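Take a look at the structure, then read on.

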Amino acid sequence: MDYKQRFSQWLELADEQTRLELQTLTESEIEDRFYTELAFGTAGLRGILGAGTNRMNEYVVRRATLGLSNYLLKIPNAKQRGVAIAYDSRNFSSEFALTCALVLAKNGLKAYLFESIRAVPQLSFALRHLGCVAGVVITASHNPAIYNGYKVYWEDGGQVAPEQANAILCEIEKCEYFKIQQMSKIEALDSGLLQIIGKDVDEAYYASTMSLLLNPKLVREKGNSLSVVYTPLHGAGNIPVREILNRIGVSNVHVVPEQELPNGNFPTVSAPNPEDPDAFTLATKLANKVGADTILATDPDSDRLGVAVRKKDGSFKVLTGNQIGCLLLEYILSSKASAGLLPQNALVVKSLVSTRLADEICAHYNVKLDSVLTGFRFISEKIENSIRTKAHTFLFGFEESFGFLAGTFSRDKDAICTAMLVAEICVVYAARGKTLDDAVQELYDKYGYFKESVKNYTLNGIEGLESINRAMRGLRTEIPSELAGISVTVFEDYESRSSLLLASNNKQPLELPSSNMVRLLFENGAWMVVRPSGTEPKLKLYIGANAKDESQVDILLAKMMESADQLLCGYLFGQEE
């Protein structure tokens, strides 16, 4: 069925409001909305809100849920174990979550639906706490307001694995958009197939989170002297982040009033993304007003945490995800080592595109560090494997994209727990007469200057996808021998799972799973990764380097980024092959 046939079908069978929306579309808009279906992968679905097969709407949610239901019904006891469902503050999140619950109920699967908006880590915790077979979160994470999404989790609390996602997709593709039934809410509640959950699960989550404090006595005694500004960026973090900070003794928290309440339009930011320094604009004004030295920010589903610290000149610096991750890593390992509590089989996990400073920290404490593909699901797999085999004790995992996790009771990025641990670090350093900015400098003084740079190339529509594919093909067929005058020593292609040593033309297999990503290793220890985003129409470029002096690494990064940008732009915006 081509896009015109799909459009005609929707125009005939959709509800009146949807048909009215479709009738306003131009031919190019029709093609964009119907030339394909939203991709369902390990991150589930994510797309722009609106009518069409390539958009997020009630029909797409119903179809995805029916496919998920049919997959789950093949699993013993899945009906009784049920599915936990959470949603964030985005437009239509609550409606999509209820639709999901009622389609599950119609198919005999028990649905545990949170009473109001909750964070991703709370869902991950809840499904394990309740013994569910799976979970769903309605969210588009940190994307702009026009997006929403549908993320599927498995019984271990992590997002579904590729083989599960493919199996669910096969079931989804068998379902027709306009022949899906759902149970009424009253009937679902009366039958017990829909159960509303809330405070009991929250309390269990808070207790588990607080157990991760490394110096609870000091935080209890000194926490109220720490002045913190926090912004939930109109998202789900407002209540749980403030609650957990207050419970540990950090009560002097100032919330940005303009960004406190849930609002799916995110009116104060272009995108509710704590990776973006512009998201800290209002928080910085408030911090200057109240004299706070630390700012915390969470995205709408509160799995990512951003941190800004006051420098000695009085201005604020937004930390990178790598800096936050390494601050947490150093604090956790050093604290446990000092207390004699660092396990001999301790395990830390990071993504391949995250800083090599973590390698130095783990080596210093003689802790095993595993690197995995981008996607926190791969970190959750390592956690589950370590528990199952008892070979290692997981302590901490992180991605450069502002995702961090300590402990094992939740299996996805946890900005609530991370906010608590960052606050603890602030209290500990304040007791030494230092700030979080001092803590960052201590890392560099101890291990050297490791810095990274990231650039995103956003390319929408069919043409954008073709440009991204062209760039990836170009890198694989014309392997660069150097970048900014620095020789490439190793070219790793994760799609073919092969590593090429350029000097000898010798190939070796890669152990990690197949992924559309390439990595270049340079003679000076620098590295570069290029990969398409799994959730957005973007090509992502990562570069990392290190030096003894900060100015040296800054110059090196700038040169490499300029050269890499020229290379990629030639493929993305140049002539067709």
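Let's begin with E330, which is buried, with a relative accessible area of 13%. (Buried means under 20% relative accessible area, exposed over 50%, and partly exposed in between, using a 1.4 Å probe and protein chains only.) Its salt-bridge partner is K446, and the closest N and O atoms of the two are 3.0 Å apart. A salt bridge here is a side-chain nitrogen of Lys or Arg within 4 Å of a carboxyl oxygen of Asp or Glu. K446 sits in helix 18 (residues 436-447) and E330 in helix 14 (residues 321-338), so this pair ties together parts that are 116 residues apart in sequence. K446 itself is partly exposed, at 41% relative accessible area. Helices (H or I, at least four residues) and strands (E, at least two) are DSSP runs, numbered from the N terminus.

## Where the numbers come from

This is a predicted model, where local features need pLDDT of at least 70 and side-chain atom pairs count only at pLDDT 80 or more, while totals for chains, interfaces and linings use all residues. Residues are numbered from 1 along each chain as its sequence is written, and side-chain values use heavy atoms, with hydrogens and water left out.

R377 counts as buried at 5% relative accessibility, whereas E381 is partly exposed at 35%.

Another pair is E176 and K179, whose closest N and O atoms are 3.6 Å apart. Is K179 buried or exposed? K179 is exposed, with a relative accessible area of 63%, while E176 is partly exposed at 45%. Salt bridges can also link up: K151, D301, D303, D412 and K413 form a network of them.

## The largest cavity

Now for the holes. A search of the whole structure turns up two cavities of 30 Å³ or more. To find a cavity, picture a 1 Å grid over the protein atoms alone: a cavity is a set of points where a 1.4 Å probe fits but cannot get out, and lining residues have an atom within 4 Å of a point. Grid points are joined across faces, edges and corners, and the volume is the space filled by probe spheres set on the points.

The largest cavity holds about 40 Å³ of space. Its lining is made of V307, L319, I324, L327, L328, V422, I425 and L436. Helix 14 and helix 17 (415-431) are the elements that give two or more residues to this lining, and helix 14 gives the most, with three. What classes do the lining residues fall into? There are eight nonpolar, no polar and no charged residues. (Ala, Val, Leu, Ile, Met, Phe, Trp, Tyr, Cys and Pro count as nonpolar, Asp, Glu, Lys and Arg as charged, and the others, Gly among them, as polar.)

## The second largest cavity

The second largest cavity has about 30 Å³ of space. Among the residues lining it are T355, R356, F450, E452 and W527. Strand 16 (449-458) and strand 23 (538-547) each give two or more residues to the lining, with strand 23 giving the most, three. By class, this lining has three nonpolar, four polar and two charged residues.

Key: 1 Å grid on protein atoms, 1.4 Å probe; cavity = no way out; pocket = protein on both sides within 12 Å on 5 of 7 lines; lining within 4 Å.
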